[in-house]
Amino acid sequence: MAPPTPLLAVRGSEGLYMVNGPPSFTESTAFQRDSGKNCKAVAFSKDGSLFAWCNGEKCPCWADDESICARNVNNEVHFFENNNFNTIANKLHLQKVSDFVLSPGAQPTKVAVYVPGTKGAPSFVRLYQYPNFGGPQSALANKSFFKADKVTMLWNKKATAVLVVASTEVDKSGASYYGEQTLHYVGTGGESAVVQLPKNGPIYDVAWSPNSVEFCAVYGFMPAKATVFNLKCDPVFDFGTGPRNAAYYSPQGHILVLAGFGNLRGQMEVWDVKNYKLISKPVASDSTSFSWCPDGEHIVTATCAPRLRVGNGYKVWHYTGSVLHSREVPGDQEMWQVLWQPFPDGVFPERAVRYQAVPGEVPGAEPRPAQAYRPPALRNKPATSSKLHEDEPPQNMKPQQGGSDKPLSKTALKNQRKHEAKKAAKQEAKADAHQGPAQVKTPQNALQNTVPAITTGDPEVDKKIKNLKKKLKAIEQLKEQAAAGKQLEKNQVEKIQKEAALLKELEDLELGV
């Protein structure tokens, strides 16, 4: 039996209508076009069997099976069962609760709630399992944090963990007009962690893989980094840097698209995430929306109003980079939204990844890159590279001994970071030598780098001195990480606070030599 054809809902000044998906792309007769211009919102039911549209306000939040409905009322989240809105079935009371998110999937439903911090107290996110809301031990997990004016909470598909993007409106350091963002992980088993992002800057997007055991973060000042992490918040694969601000997993989870939309040119990187191999790099200029077709083979990009009021239209692509269908609305018309009809899991099984581009019905419309501005004095001279930033390649495209293109192991990544740190230290030492004696190193650095090893004749004392120097070296590394903007754990901060005592102990031991 042939699989069904997904429908694509289109909302615009031409009205609301549906288009048959590949291969026909004709207007569907299953939905009668609504030619009115007042439609402000559309939605498919979870299994795609129902479609709703309206021009009213947002509805309350339902669980996937629609057995539970919830809404936020003052300091409480009210729960209704079986669509009976005459009786409040349960209440979750938390002082100043400002947001909540219900978990996806089957019962039992879980709920993540956010309470902003006040008067020096931290903000926190707590996870509960419905309807167990009573008593201090009822929460499945709790994660508190500072620097949060608002949060975005993202459940994974299996409802076993939540990612929390905490944001402040203003970056007090003045480094970014985006404010500050931090990424936190909270598991229903009670575990929680801060996700350490190795590049400073905004967090543009975070996306869970449908397998629920990995997630991708796009972050850092442009060109932005993208990294896949596991449930221990350890990096699995580093995609390097590039012009990107969004990440989209296919419904089957076998393909990941990293894209740069909005104020970027619309570059897309399509990756096979099982082998971490680049499939294609199409460009969808001026796109304001992106979504995967449920079949995991096709995507739609669109230019919609009111974000852009000219050049409205949409394109349907195969993930190998071919444009299969394109539609532009007339210049005096607008298009407001395009939306794929969803289907239940399993209707479209995962297919083998293709790397060769499929035949396209529309010629590739990849724009020519704009030429950089050159001052008149340089226009008759040979062109030289003047990039503001050099993009960092993905980890399996960096030069490595042996030429292996497999993702580096955790140990290999640690060794690589150590090697890079040593290399940076050598370069810094050379710079200090060129500058002369103007900058004097701290006593412990001078001791470690210039004084030959001292022996006391007492093996126990020598061992203590060696251990103290090792601890001081670790503290120096932590201080460098903090200076680079890395958020340190509580135990790491406590180590730094012990530096003065360790220096005094080291001095006493060496004075006794």
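Which residue lies over the face of Tyr 355? In this predicted model, local features need pLDDT of at least 70, side-chain atom pairs count only at pLDDT 80 or more, and totals for chains, interfaces and linings use all residues. Residues are numbered from 1 along each chain as its sequence is written, and side-chain values use heavy atoms, with hydrogens and water left out.

The residue over the face of Tyr 355 is Lys 277, at 4.3 Å from the ring centre. A charge is taken to sit over a ring if NZ of Lys or CZ of Arg is within 6 Å of the ring centre and within 35 degrees of the ring normal. The charged end of Arg 33 likewise sits over a ring, that of Tyr 17, 4.1 Å from its centre.

Contacts between rings were examined next. Rings of Phe, Tyr and Trp (its six-membered ring) pair if their centres lie within 6.5 Å; planes under 30 degrees apart count as stacked, over 60 as edge-to-face and the rest as tilted. The whole structure contains 21 aromatic pairs. One of them joins Trp 62 and Phe 85, whose ring centres are 6.2 Å apart and whose planes stand at 85 degrees, so the pair is edge-to-face. Trp 62 belongs to strand 5 (residues 61–62) and Phe 85 to the loop between strand 7 (76–81) and strand 8 (90–93), so the pair ties together parts that are 23 residues apart in sequence. Strands are DSSP runs of E, at least two residues long, numbered from the N terminus.

Burial was assigned from relative accessible area: buried means under 20%, exposed over 50%, and partly exposed in between (1.4 Å probe, protein chains only). Trp 62 is partly exposed at 32%, and Phe 85 is partly exposed at 42%. Tyr 130 and Phe 133 also form an edge-to-face pair, with 5.8 Å from centre to centre and 65 degrees between the planes; both residues are buried. Elsewhere, ring pairs link Phe 31, Phe 44, Phe 51 and Trp 53 into a cluster.

A disulfide is a covalent bond between the sulfur atoms of two cysteines. With a disulfide taken as a pair of cysteine sulfur atoms within 2.5 Å, the count comes to zero. For Cys 69, the nearest cysteine sulfur is that of Cys 61, 7.4 Å away. Cys 69 is buried, with a relative accessible area of 2%.

Thr 241 is located in strand 20 (residues 235–242) and, at 10% relative accessibility, counts as buried. The side chain of Thr 241 reaches the backbone nitrogen of Glu 392 at 2.6 Å.

Definitions and conventions
Helix = DSSP H or I, 4+ residues; strand = E, 2+ residues; numbered from the N terminus. Polar contact = N/O pair within 3.5 Å; in protein donor to acceptor, adjacent residues only side chain to side chain.
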